[in-house]
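Student: I would like to learn how to read a predicted model. Please take me through a few features.

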Amino acid sequence: MMIGAKSIAALFGCLCAASTAWAQTPVRLVLDFAIQGQQSPIVLASEGGYFQRAGVDVRVDRGYGSGDSITKVASGAYDMAFADVGALIIFNGKQGATKLIDVFQIYDSAPMVILSLKKSKITKPSDLAGKAIASPPSASSRVMFPTFAAVNKIDVSNIKWLDVTPQLRETMLKQGQADATTALITDVAGLNHLQISEDEISIMRYSDYGMNLYGHGILTTPEFAAKHPDEIRKIVRAISEALKAAIADPAIAVAALKKRDPLVDETLERRRLELVVANAIVTDHVRKSGLGAVDMDRMQKTIDLIAATYKQPPMKATDLYRGDYLPPTDESMLPH
Amino acid sequence: MTEVRGNAQQMVVPASNVGWVLTAAPWLVCSVALILWQVVCNVFSVPDYILPPPTQIFAVLVNTAGPIWFHAKWTLATTCIGFALSVILGLLMGIAVGSFRMVYAGFYPLLIGFNSVPKVAVVPILVVWFGIGAVPAVLTAFLMSFFPIVVNVATGLATVEPELEDVLRALGAKKRDLILKVGLPRSLPYFFASLKIAITLAFVGSVISESIASSRGIGTLMVRAASDFRISLVFAGLIVTAAMGIIMYVAFAILESRMTGWAVRRPEVQ
């Protein structure tokens, strides 16, 4: 049977009709990294039906570093990202434009740390001079290192950078191939998993050394926000509710993780979630003002500090962060 | 002058010009591709963090020539060492596999299974075993380029015409003579063909290893540039890697034509 022109036209017509009748395409959200404990509240929003109840269809994918996720949203491969706002400030600065905006500030304090074994005797920033530091180049803690070094006047000329994928970071430290590593506080759980106990680890928090930065948030392009303001509000609200549930009971979030990926180690991921909640999300400011509440002065200071390191003109905080997608304050408050 | 008669046309091509056109052809294709790339970037205003235009990449190449060469030297060195290892061991293994049925039966399935493992997954293990540095890069280059050489040498040896073997054996040749004096020379074309593939694979191997765990090399440069949002530097690194691969390929193609010219000698088309 020959396929004639008429049948092809009919088939094409059906496809066109089908695609217009198609339900709206899902919003694509990319995470900052692999799906672990610290990403579990967003996974909970997806697997636990929070997005569904809010009436939005969101597809949550893993990422490969905050920098990469930001680039993916800027290029249109994704609509939204859960990534570090510091990396975003650098990106916007390099592009000379507000390519992405922050619509929901999740980490009130960026949980970036320098981890080392106590026997390396790295207790203050200046001890890092001349050391071997294992670090994935696109990790937010590495991206923020130049600023950390500038603020603390570290002599970076002799630092030996060992560029590794995140999986190898803890191993390098344990083996002694690296003296220190740039990481997030959640990576302490990874070290524990390698049988390194808390008392063997020396933790140097960026926030203790002049880096009072905002951390990860939900980022999107101004164009997407302008076209879909209601969807963004619904998504932010759903994530906020899932966050509250995860903070109240981490087990639910870890269960959602397990549903998505049966291979996760529940104890490890729960520990990661608890670390990020305690260190980054539930700070005094959030307890007072609710999840996602942003102090614009502090946001501007974050921008100014990072812009100074990269010799870029600082953008206005009001351009970078848009608070009008947040749910009302009473809904964002955490229960006491 | 050479006359070539087509169906209805008559094409007269000066014989002395054909060689010139052949040499210029790849440069012409390359230039056209680059021009097209530049035009697309300009016409569609493609942002430079998605696809930088060739002019920008060239500018970056010139401005960061020092650091790029620093890293490229390292990648070239690790690749060549890994490649040299795979040539020697590949040749030996190929001879063993191609000449002895027992070795073929015993090792070939293992080699295939081993080659099917993506080297991306093997690099972290190598780093844990041997530490960051040249060793994982050299080993990955070796692992990726080893198999094609083994296969080609083995094939070349195993396909010596049976009649030839019978005649030689009838004349009193021992197995060793067969391999060294007939089998190996006969498999040289296959061997050189595999070298051209293997050298490009060796580059792939060392760059993969560097992008996973390293402190020096083009792979490291590209990953760092990507994390800094300097995509034109990433592309510059890609181009440098491609250029190094082409240069090595051409070097081996020249070597091949010197050593196995006899295999491709053909009467001139009249």
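Tutor: Helix 12 and helix 13 of chain A cross in a right-handed way. A crossing is right-handed if the near helix is turned clockwise from the far one by less than a right angle, and left-handed if anticlockwise. Helices (H or I, at least four residues) are DSSP runs numbered from the N terminus, as are strands (E, at least two).

Student: Which residues make the contact?

Tutor: Two residues are in contact if their C-beta atoms, placed from the backbone, lie within 7 Å. Helix 12 of chain A contributes Pro250(A), Ala253(A), Val254(A), Leu257(A) and Lys258(A), and helix 13 of chain A contributes Glu266(A), Glu269(A), Arg270(A), Leu273(A) and Glu274(A).

Student: At what angle do the axes of helix 12 and helix 13 of chain A cross?

Tutor: Axes are lines fitted to C-alpha atoms, for helices over the stretch in contact, with angles from 0 to 180 degrees between N-to-C directions. Here the axes come within 10 Å and cross at roughly 130°. The two helices of chain A are therefore oblique to each other; under 35 degrees is roughly parallel, over 145 roughly antiparallel, 65 to 115 roughly perpendicular, and the rest oblique.

Student: What should I know about the model itself?

Tutor: It is predicted: local features need pLDDT of at least 70, side-chain atom pairs count only at pLDDT 80 or more, and totals for chains, interfaces and linings use all residues. Residues are numbered from 1 along each chain as its sequence is written, while chains are lettered from A and ligands numbered from 1 in the order written.

Student: What is the mean pLDDT of chain B?

Tutor: pLDDT is the predictor's confidence in each residue, from 0 to 100. The mean for chain B is 87. Among the elements of chain B, strand 1 (residues 2–5) has the lowest mean, 51. Where pLDDT is low, the predicted coordinates should not be read in detail.
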